[in-house]
Amino acid sequence: MNEVELLIQEKEKSTSTAFVRFILLSDKYKEEAFYYFVEGKDAPYYQYRIKSQTEIEIIPIQCGGKSKVLEIFNLLKGRESYNKYKKGFFV
């Protein structure tokens, strides 16, 4: 893997990338969805379980590891304007 590919891969695992994805998706789906943050490629595992419990749209956001999920949790927790959204954090 070359240096550019490594940089792109690292960017995909950043907290800011997950935050921007949440902002863009929440702008599209508003409060009509459940946004859940996961460590990595385990989104399908949780998707089935969440879908069986709710009728609303569910939206996975991959964060790139346990520490990144916790960082995004703390970031969103500190901002009152995001309390109106249904969110879940899975580590």
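Predicted model: local features only at pLDDT ≥ 70, side-chain atom pairs only at ≥ 80, totals over all residues.
Which strands do the buried residues of α3 pack against?

1. Let's begin with helix α3, residues 43–51, whose buried residues are Ala43, Tyr46 and Ile50. They lie on the same side of α3, because the arc they cover around the axis is only 70 degrees. As for the opening question, these buried residues pack against β1 (33–38), β2 (57–62) and β3 (86–90). Pro44 and Tyr48 are exposed, on the face of α3 turned away from the buried side.

2. Next, have a look at the aromatic rings, which form 13 pairs. One of them is Phe22 with Tyr35, an edge-to-face pair at 5.2 Å centre to centre, with 85 degrees between the planes. This pair links distant parts of the chain, since Phe22 sits in helix α2 and Tyr35 in strand β1, 13 residues apart. Phe22 counts as buried because its relative accessibility is 0%, and Tyr35 is buried with a relative accessibility of 0%.

3. Another edge-to-face pair is Tyr45 with Tyr46, at 5.1 Å centre to centre and 85 degrees between the planes. Tyr45 is partly exposed at 46% relative accessibility, while Tyr46 is buried at 16%. Arg49 lies over the face of Tyr45, 3.9 Å from the ring centre.

4. Ring pairs also build a cluster, made up of Phe19, Phe22, Tyr35, Phe37, Phe73, Tyr82, Tyr85 and Phe89.

5. Finally, visit Thr15 in helix α2, which spans residues 15–29. Thr15 counts as buried because its relative accessibility is 13%, under the 20% cut-off. Leaving aside neighbours within four places in sequence, Thr15 is in contact with Lys68, Glu71 and Ile72.

Definitions and conventions
Residues numbered from 1 in each chain as written. Heavy atoms only, no water. Helix = DSSP H or I, 4+ residues; strand = E, 2+ residues; numbered from the N terminus. Buried < 20%, exposed > 50% of the residue type's maximum accessible area, 1.4 Å probe, protein only. Contact = heavy atoms within 4.5 Å. Arc of directions from axis to C-beta. Phe/Tyr/Trp six-rings, centres within 6.5 Å; stacked < 30°, edge-to-face > 60°. Lys NZ or Arg CZ within 6 Å of the ring centre and 35° of its normal.
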